Amino acid sequence: MSPSPLLSAFRSSLSEAWANGAGLLLPLGFFTGTATLVPFALGPEAELLSRVGPGVLWLALALSSMVTLERVFQADLQDGALDLWLQDIGSISLVAAIKTLTHWLVSGFPLVLLTPLIGFGLGVPTEKMVPAMLGYAMGGLVFFLWGGVAAALSASVARAGLLIALLALPLYVPALIFGVQMVEAGFDSPSFLFLSASTLFALGVAPAAMGAALRLAAE
Amino acid sequence: MSDGALISGANLGAIRGERVLYRNISVTAQAGDLILLRGANGSGKTTLLRQLAGLSEPQSGIVEREGLHHWIGHTNGLKAYETPRSHLSHWARVWGSEADMGLILNEVGLNRPADVPCRLLSAGQKRRTALARLLLEQRKLWLLDEPFNALDTDGQALLAEMIEAHRSEGGAVLAALHGSAPIEATREVTL
């Protein structure tokens, strides 16, 4: 497969994200809102916030990743673009992967950049900030990839948000566990290796699963 | 597949739930053919066309195609934010086509709304945009689902001309239709 269809899929996904306008900001708003409400709910005790902060950020990241997943493939199915991709592209899996990675780039990666700001507010220690950011980048990628599989599986279902959550959340668990542990234990811990393995596994398996699900949805 | 055939579907069948839509349908198209799939609403024309296009697995039978084909379905494949020009440019990049976009837009009568977002176009203009994809890249086989839908008289005449020109250049067209159209088929398959 030549790179031009994949570059075109990337450009088209960026245009779609741009055309969605404020929709892009939803995950950011959700992430920021969830994380900033926590101190109000738990109280201002610095030690407590510092202990739960990384976990709260991971939960906020996991839930934020699902906010806009519903439309990633559903729009293509409804407007007929999926048929055009399917008719002669060697691998719909690669196109699906590009669309999901673009979605992560515009909706997920900005959450990583927000981490220091919100992390300091939650009392996450400075030395844990870099592992936390790398962890959120890798974990976010895992969440978006498995979320993409759930979105592809439910592309033909109207108001699929709940179904996407039911399908995707169990798949988030390993990355969530290893991610939280990695923030605590740093790069030298086995958790970092397990999180890396989870990311590689999702990168290897999720595109094929998305491709198969989209073929099924188009039937 | 027989010699010279661009597409061949043999003993195709489709079942929806417990209802058999059709069974043992065979279709073969060669250069110059215009085959119309006819039938009442719900008879399975679109399903058969999707099976022939490889978009849907037949419950029975086998489909063989020679090379790539163009597909125009019920929906036009357009995004609300795209313009006719950006839509065609996108698929030209995907297919590696270097076709002259201005010429194609002119040919399908979309010169004026070429840079208008599709959400502001009429149904007929959207259909013309989808039909313009047929001219982006030379492909011998066209599979068209209700291609005359939403087109005005001029648009219908334009599509009929495009189909005739394509056939005379050695192409073949399979189209699902339920109404009348200004084209004369070489063969009809009724479901």
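Student: Okay, so helices are DSSP runs of H or I, at least four residues long, numbered from the N terminus. Which elements each supply at least two residues of the lining of the largest cavity?

Tutor: This is a predicted model, and in it those are α5 (81-88) of chain A and α2 of chain B. The largest share, three residues, comes from α2(B).

Student: Who's in that lining?

Tutor: From chain A you get Ser12(A), Asp76(A), Ala81(A), Trp85(A) and Lys99(A). Chain B brings Gly77(B), Lys79(B), Glu82(B), His87(B), His90(B) and Trp91(B). By class, that's three nonpolar, four polar and four charged residues.

Student: How much space lies in there?

Tutor: About 70 Å³. The structure holds three cavities of 30 Å³ or more.

Student: Switching topic: how many residues does the contact take from each chain?

Tutor: 24 from chain A and 21 from chain B. Between them the chains bury about 2,000 Å², 51% of it on carbon and sulfur atoms. On the chain B side, Lys79(B), Tyr81(B) and Arg93(B) lose the most area to chain A, together 28% of what that side buries. Lys79(B) also lines the largest cavity, by the way.

Student: And how many salt bridges are there between the chains?

Tutor: Four. In one of them, Asp83(A) pairs with Arg50(B), with the closest N and O atoms 2.8 Å apart. There are also nine residue pairs in polar contact across the interface.

Student: Which element gives the largest share of the side of chain B that touches chain A?

Tutor: α2(B) again, with five residues. By class, that side has eight nonpolar, seven polar and six charged residues.

Notes
Residues are numbered from 1 along each chain as its sequence is written. Chains are lettered from A and ligands numbered from 1 in the order in which they are written. This is a predicted model: local features need pLDDT of at least 70, side-chain atom pairs count only at pLDDT 80 or more; totals for chains, interfaces and linings use all residues. Side-chain values use heavy atoms; hydrogens and water are left out. Contact means heavy atoms within 4.5 Å. Buried area is the accessible area (1.4 Å probe) that two parts lose on being put together, summed over both. A salt bridge is a side-chain nitrogen of Lys or Arg within 4 Å of a carboxyl oxygen of Asp or Glu. A polar contact is a pair of N or O atoms within 3.5 Å; within protein, one must be able to donate a hydrogen and the other to accept it, and residues adjacent in sequence count only if both atoms are side-chain atoms. Ala, Val, Leu, Ile, Met, Phe, Trp, Tyr, Cys and Pro count as nonpolar, Asp, Glu, Lys and Arg as charged, and the others, Gly among them, as polar. On a 1 Å grid over the protein atoms alone, a cavity is a set of points where a 1.4 Å probe fits but cannot get out, and a pocket is an open set with protein on both sides within 12 Å along at least five of seven lines; lining residues have an atom within 4 Å of a point. Grid points are joined across faces, edges and corners, and a volume is the space filled by probe spheres set on the points.
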